[in-house]
Amino acid sequence: MAALLARMGLYMAIFLTVVPALMLLFLNPRTAEFVVTALTLGMGLFLALISSLALYRERKRL
């Protein structure tokens, strides 16, 4: 069950990383939208790290 949740978190992290990364290419720096998108990108990368670690620990246990 933990592996399923970690995999879902990884899918969400990929979405939260790819979409803001593409949006940052078209947004003007020094705007509120740019800052919020950059923070979302950071949260996506953090979620990817946590989900990857959870998947690694789950597969290592089996």
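Predicted model: local features only at pLDDT ≥ 70, side-chain atom pairs only at ≥ 80, totals over all residues.
The secondary structure of the protein chain consists of two helices, with zero strands. Helix 1 covers residues 2–24 and helix 2 covers residues 32–61, with a loop between them. Taken along the principal axes, the C-alpha atoms of the chain fill a box of roughly 45 × 15 × 10 Å. The radius of gyration of the chain is 14 Å, whereas a compact globule of 62 residues would have a value near 11 Å. Among contacts between residues at least 6 apart in sequence, 66% join residues at least 24 apart.

Helix 1 contains 23 residues. From its first C-alpha to its last, helix 1 reaches 33 Å, close to the 33 Å expected at 1.5 Å a residue. The buried residues of helix 1 are Ala6, Gly9, Ala13, Thr17, Pro20 and Leu24, and helix 2 is included in what covers them. Across the whole chain, buried residues make up 21% of the 62 residues.

Two residues of the loop between the helices may be described in turn. Leu25 lies in this loop and has a relative accessible area of 64%; because this value is over 50%, Leu25 counts as exposed. Arg30 is also placed in the loop between helix 1 and helix 2. With a relative accessibility of 86%, Arg30 is likewise exposed. The backbone of Arg30 has a positive phi of about 70 degrees, although Arg30 is not a glycine. Most residues other than glycine have a negative phi.

In helix 2, Arg57 was examined. The relative accessible area of Arg57 is 65%, so this residue falls in the exposed class, for which the value must be over 50%. Arg57 and Tyr11 are 46 residues apart along the chain, and their C-alpha atoms are separated by 17 Å.

Tyr11 also belongs to a nonpolar patch on the surface. The patch is formed by Met8, Tyr11, Met12, Ile14, Val18, Leu22, Leu25 and Phe26, which together have about 910 Å² of accessible area.

Key: Residues numbered from 1 in each chain as written. Heavy atoms only, no water. Patch = residues over 30% accessible without salt bridge, like charges linked within 9 Å, V, L, I, M, F, W, Y side chains within 5 Å. Areas by Shrake-Rupley, 256 points an atom, 1.4 Å probe, with all protein chains shown as cover. Salt bridge = Lys/Arg side-chain N within 4 Å of Asp/Glu carboxyl O. Helix = DSSP H or I, 4+ residues; strand = E, 2+ residues; numbered from the N terminus. Buried < 20%, exposed > 50% of the residue type's maximum accessible area, 1.4 Å probe, protein only. Rg over C-alpha atoms; globule rule 2.2 N^0.38 Å. Contact = heavy atoms within 4.5 Å. Expected span 1.5 Å × (residues − 1).
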